Amino acid sequence: MNDIVAPVPHEADVLVIGSGPVGCTFARRLVEAGRNVLMIDAGAQLSRRYGEHLKNSYLFQKNIDLFVSVIKGNLLPLSTATHREPVLTLDPSAFSYDPDKYAGFSLRNQNPEQRQHLNLPAAAATYAVGGMATHWTCAIPRFHPEVERRYRGQSYPVDDKEMDKLYDEAEALLARSTRVFAASARHLLVKRVLQRAGEEFADVTELPLAVSDRADSARTSAVTWSAADTVLGELADPAHTPPRGSFTLLPEHQCVRLEITGSDKHQKVREAVVRDLRDVREEIRLRAETYVVACGAVPTPQLLFNSGVTLPALGRYLTEQPMSFCQVVLQQEHMDHLEEILRSPSGGDGPARAAADRVARYRAAELKRLHSGDKCADPVPFPPTERDPNLALLVTGGRPWHCQIHRDAFTYGAVPPNVDPRLIVDLRWFGISRPRPENIV
């Protein structure tokens, strides 16, 4: 039996190219305004809902280190610089080429014009419905109004009032929360230990996250991480029919270029040339009244450049925060006095006392198992349902950096299977990178 394939709509009020959170914000607002929106993405649809966070799978919530391979599998290097050094893993009798004639012999995003010392080897893009939101950390701290929004007397192009309004809107779309992890014994222990460590850590606070409780949260540590589907709302359900306007999403449809007419000051997009990646024999022409290009920091200027668009800021002002990472293991003395720390006067509020009671009951139950001869008794006093710590040292006037204190899936932070991840805490320090026109792709 042949599959029934819905016809591709060749016209819409708005064509959105890219299905990350930015593109999904445009789509949601425009459909709510009664517009007919067609969205395309070069990547595949990987979840039941459009662009859902892949970390919401129970398997990865039970073992976050397994998610590392998912992240690696979804990141495609943007540019591989060619070089003339020999490939040491190849036998001299294997294939060779003349480096005086050819720049290299790899077609995997090789860029013969990319100088190796200027290349960003870690720069990558995600090709999937939902974009990088399918696997991001969901941390959403705001810029500090004095330290990060101003620099050498210059302010951001968006004023503070408008910036705060946009922050409020974005946080609502992403379901921002600071309470989902706040009652966890692991979270509270790390917070209390840091507060005791000195004045410089006294302002440690909950890390703002795009996350919400699951319906079954009372019986599990699992949560619902926000992603592009959270931004889309009801539109993320493929079966949903909006009361006004319409929404169609075509995965594995790549916009090759925009056909543009008119002079430099009066350019207009006539149509989008699109390739169906499941059948590349012919190109599709899509037309709309309005075109939204939201492909990401590098693919967006790439598409516009390939379409003949020239703008002063095109491909410039790229920013990324310098980051330093380490892991720590909780000390024995903290584990031995866990209940006492949680019940201390400085942290003896209701959630902390409840966490201490849970730890005490679990420790007693596991000691009982141990004394009965059960060698599988748990030596770690944290109940398995206690959620990860998610804390932050945010930017202040005297601290021009912020630190995220949590546990997440990073290729550089996977924990070996014989180490209990409940004892591990990740520390990630982020510096500031200012928007500069010299940061160009």
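1. Before going on, a word on what you are looking at. This is a predicted model, so local features need pLDDT of at least 70 and side-chain atom pairs count only at pLDDT 80 or more, while totals for chains, interfaces and linings use all residues. Residues are numbered from 1 along each chain as its sequence is written, and side-chain values use heavy atoms, with hydrogens and water left out.

2. Now the chain as a whole. It has ten helices and 20 strands; these are DSSP runs (H or I of at least four residues for helices, E of at least two for strands), numbered from the N terminus. The C-alpha atoms fill a box of roughly 75 × 65 × 65 Å along the principal axes. Of the 441 residues, 40% count as buried (under 20% relative accessible area; exposed is over 50% and partly exposed is in between, with a 1.4 Å probe and protein chains only). Take the contacts (heavy atoms within 4.5 Å) between residues at least 6 apart in sequence: 70% of them join residues at least 24 apart.

3. Back to α10 itself, which runs over residues 350–371. Its 22 residues reach 32 Å from the first C-alpha to the last, close to the 32 Å expected at 1.5 Å a residue (the expected span is 1.5 Å times one less than the number of residues). Just after the helix, glycine 373 takes a positive phi of about 95 degrees.

4. Which residues of α10 are buried? They are Ala352, Ala355, Ala356, Val359, Tyr362 and Glu366. They sit on the same side of α10, because they cover an arc of only 135 degrees around the axis (the arc is that of the directions from the helix axis to the C-beta atoms). In general, an α-helix has 3.6 residues a turn, so residues three or four places apart point the same way. The cover over the buried residues of α10 includes α5 (185–197) and α9 (338–342). Arg361, Lys368 and His371 are exposed on the other side of α10.

5. Helix α1 (residues 21–32) is worth a look too: twelve residues reaching 16 Å, close to the 16 Å expected. Its buried residues include Gly23, Cys24, Ala27, Leu30 and Val31. These cover an arc of only 135 degrees, which puts them on the same side of α1. What they pack against is β1 (11–17), β2, α6 (228–232) and β13. Just after α1 comes glycine 34, with a positive phi of about 90 degrees.

6. On to the rings. There are seven aromatic pairs (rings of Phe, Tyr and Trp, its six-membered ring, with centres within 6.5 Å; planes under 30 degrees apart are stacked, over 60 edge-to-face and the rest tilted). Tyrosine 50 and phenylalanine 247 make an edge-to-face pair, 6.2 Å centre to centre with 70 degrees between the planes. Tyrosine 50 is in the loop between β2 (36–40) and α2 (58–62) and phenylalanine 247 is in strand β13, so this pair ties together parts that are 197 residues apart in sequence. Both tyrosine 50 and phenylalanine 247 are buried.

7. Phenylalanine 325 and phenylalanine 410 are also edge-to-face, at 5.9 Å and 65 degrees. Phenylalanine 325 counts as partly exposed because its relative accessibility is 22%, whereas phenylalanine 410, at 6%, counts as buried. Ring pairs link Phe325, Phe410 and Tyr412 into a cluster.

8. Aspartate 426, in strand β20, touches both Phe325 and Phe410, among others. Is aspartate 426 buried or exposed? At 0% relative accessibility, it counts as buried. Its side chain reaches the backbone nitrogen of aspartate 408 at 3.3 Å.

9. Last, two charges over rings (NZ of Lys or CZ of Arg within 6 Å of the ring centre and within 35 degrees of the ring normal). The charged end of lysine 55 is 4.0 Å from the ring centre of tryptophan 225, and that of arginine 399 is 5.6 Å from the ring centre of tryptophan 401.

Technical notes. Polar contact = N/O pair within 3.5 Å; in protein donor to acceptor, adjacent residues only side chain to side chain.
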